[in-house]
Amino acid sequence: MKKLYRSDTDKIIWGVCGGIGEYFQIDSVIIRILFILMFLAGGVGLLLYIILAIVMPKSPKKDEITEEKKEKNNKFRFLLGVFLALIGLNMMLTSIFDFNIFSFINWKIILSLFLILIGLKIIFEDEKQ
């Protein structure tokens, strides 16, 4: 019987998204994007992630983490950190000074381009394997 575990090999923070991706046999990037979208849609993604990190047991198997996978995870962590820091900075400036540094950006277009790029990355990454 298949069980849901936090991943040891495919993790950015606690391995929740990697574990869900392994369980459903889909790319963990898709799961991460869904959690980010749920977070941006009202904060539910963060609460759900924390609950799952507490409830889901850690994977009993100890697979070797390749250097390539570590480097990929570090790049994703960096980009996610920059993205979240910019959103936080914008929220702080908007609430304190009523100044929106991203007022000129059409977020629907940015989100659409982001989703298209992620989709293309997933498609072409699968062809390499």
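Let me start with how helices H1 and H3 sit against each other: their axes, which are lines fitted to C-alpha atoms over the stretch in contact, come within 10 Å and cross at roughly 75°, and H1 and H3 are therefore roughly perpendicular to each other, a label for angles of 65 to 115 degrees on a scale that runs from 0 to 180 degrees between N-to-C directions. Helices here are DSSP runs of H or I with at least four residues, numbered from the N terminus. Please keep in mind that this is a predicted model, in which local features need pLDDT of at least 70 and side-chain atom pairs count only at pLDDT 80 or more, while totals for chains, interfaces and linings use all residues. Residues are numbered from 1 along each chain as its sequence is written, and side-chain values use heavy atoms, with hydrogens and water left out.

The contact, meaning heavy atoms within 4.5 Å, is made by Val 16, Cys 17 and Ile 20 of H1 and by Tyr 49, Leu 52 and Ala 53 of H3.

Now to the neighbouring topic, H2 and H3. From H2, Phe 35, Met 38 and Phe 39 take part, and they meet H3 residues including Tyr 49 and Leu 52.

For Trp 14 and Tyr 49 the ring centres are 6.0 Å apart and the planes stand at 25°, so the pair is stacked, that is, under 30 degrees. Because Trp 14 lies in the segment before H1 and Tyr 49 in helix H3, the pair ties together parts that are 35 residues apart in sequence.

Which residues lie nearest the centre of the second largest pocket? They are Ile 13, Phe 35, Ile 36, Tyr 49 and Leu 80, out of 18 lining residues, and H2 gives the most to that lining, with 4 residues. A pocket is an open set of points on a 1 Å grid where a 1.4 Å probe fits, with protein on both sides within 12 Å along at least five of seven lines, and lining residues have an atom within 4 Å of a point.

Conventions
Helix = DSSP H or I, 4+ residues; strand = E, 2+ residues; numbered from the N terminus. Phe/Tyr/Trp six-rings, centres within 6.5 Å; stacked < 30°, edge-to-face > 60°. Parallel < 35°, antiparallel > 145°, perpendicular 65-115°, else oblique.
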